[in-house]
Amino acid sequence: MNAVSEKKIYEKYMKKCISLAKKSEGFVSPNPLVGAVVLDKNGNLCGTGRHKRVGEAHAEVNALKKAGEKAEGGTIIVNLEPCSHYGKTPPCADLIIEKGIKTVVAGILDPNPIVSGKGIKKLKAAGIRVITGVLENDCRELNEIFFKNKIENKPFIAIKSAVTLDGKIATKTGSSKWITSEKSRLSVQKLRNKYDAILTGSNTIITDNPSLTARIKNGRNPVRIIIDSCLKTPPAAKAYTDDGVKVFIAVSEFINPALKNKYPNNIEFIHCPLKNNKIDLNYLTNKLFEKGIYSILIEAGGDLCGQFIKDRLIDKVYLYTAPKATGDIYAKQWISGFALNNINDACQFDIKHVKFINPDILCELYPKY
């Protein structure tokens, strides 16, 4: 097999690994999304697997189990470097060596310093041929949350907003249901299932009284985070329902303790310093990371979204755009709070993906700080 043919085959199966891994979105945090494919010595597919849930077998283990004896002398393809350390499960690199695999194809090195490069080194030391960097960018994007967590020790934070063609999220009276289609709203539910937590502000709770749940089959509800510095939200709000899901309210460090007593017992308060009379978002997000919140989806008004972008805390934006326009300068925007004189000072984004969700369009954007 020549190098070009081999590359095409590995890329084909790496795409399958990524597809397998995506099936576990929402169920493996704080672990990465990983899929694996095993080919026998003749290049035939003989096993597939994915990491399904935290604490359960890794993708390589499941794929090799399905492959059985056919794995000997074959190839394993995986989107992330096989682990080389003992965690909740034994090292995958050791199992790969034990099963007699001759070639390992890894999409990208693991950013976790406990693993990074060590798995590859162990495999090579055992005489296994190792190929890395196959669809590396796709593999990095698949685990962009995990990479942010391990490299910066911070949560990955995204904004989700549904807007009109002129960038409005509601009329001046607050009317916003529904800007986008039912298909787009289902897509949002799947997003909520993907992230550890969903965050919004007090005004959204007061105006819309959202449940902030992921209403999809076999889904799981994200942790709910409400920014309410002076506790003006109603204690009976749907978001505060005790349904077994953790609820955080970010309050001022100067809050009157008596005000907290009227809220349900399932709520945990995070006392935050203020910055320009608003919750210090850097402090809050760092504190949330310490509490095991590794990814956050923001669904909020323009002022809060703008504050997160001003503080350079946003990693991604999901912008659902409907084919309608308000034509009203007083309608509410998805991002606000900026005062610009020069258009070159505007917030800039890279458009990574554009998806048509008839009749709407979803753009996945990355801020250019």
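Guide: Let us begin with Lys291, which is partly exposed, with a relative accessible area of 37%. Please note that this is a predicted model.

Visitor: Why is Lys291 called partly exposed?

Guide: Buried means under 20% and exposed means over 50%. Lys291 has a relative accessible area of 37%, so the term partly exposed applies.

Visitor: What makes Glu268 and Lys291 a salt bridge?

Guide: The closest N and O atoms of Glu268 and Lys291 are 2.6 Å apart. The rule asks for a side-chain nitrogen of Lys or Arg within 4 Å of a carboxyl oxygen of Asp or Glu, so the pair qualifies. Glu268 is in strand β11, whereas Lys291 is in the loop between α10 and β14, 23 residues apart. Glu268 is partly exposed, with a relative accessible area of 23%.

Visitor: How do you know that Arg224 is buried?

Guide: The relative accessible area of Arg224 is 1%, and the limit for buried is under 20%, so the term applies.

Visitor: What makes Arg224 and Asp243 a salt bridge, and which parts does the pair tie together?

Guide: Their side chains meet at 3.1 Å, N to O, and the cut-off is within 4 Å, so the pair counts as a salt bridge. Arg224 lies in strand β9 and Asp243 in the loop between β9 and β10, so the pair ties together parts that are 19 residues apart in sequence. Asp243 is partly exposed, with a relative accessible area of 38%.

Visitor: What of Glu299 and Lys160: are these residues buried or exposed?

Guide: Both Glu299 and Lys160 are buried. Their side chains meet in a salt bridge at 3.7 Å, N to O. The pair links distant parts of the chain, with Glu299 in the loop between β14 and α11 and Lys160 in strand β6, 139 residues apart.

Visitor: How many salt bridges does the rule give?

Guide: The count comes to 15 salt bridges. Glu144, Lys316 and Glu364 are linked in a network of them.

Visitor: Turning to helix α2, which residues are buried, and why are they said to lie on the same side?

Guide: The buried residues of α2 are Ala59, Glu60, Ala63, Leu64 and Ala67. They cover an arc of only 120 degrees around the axis, which puts them on the same side of α2. The face turned away from this buried side carries the exposed residues Lys65 and Lys66.

Visitor: What covers the buried residues of α2?

Guide: The covering elements include β1, β2, β3 and α3.

Key: Residues are numbered from 1 along each chain as its sequence is written. This is a predicted model: local features need pLDDT of at least 70, side-chain atom pairs count only at pLDDT 80 or more; totals for chains, interfaces and linings use all residues. Side-chain values use heavy atoms; hydrogens and water are left out. Buried means under 20% relative accessible area, exposed over 50%, partly exposed in between (1.4 Å probe, protein chains only). Helices (H or I, at least four residues) and strands (E, at least two) are DSSP runs, numbered from the N terminus. The arc is that of the directions from the helix axis to the C-beta atoms. Contact means heavy atoms within 4.5 Å.
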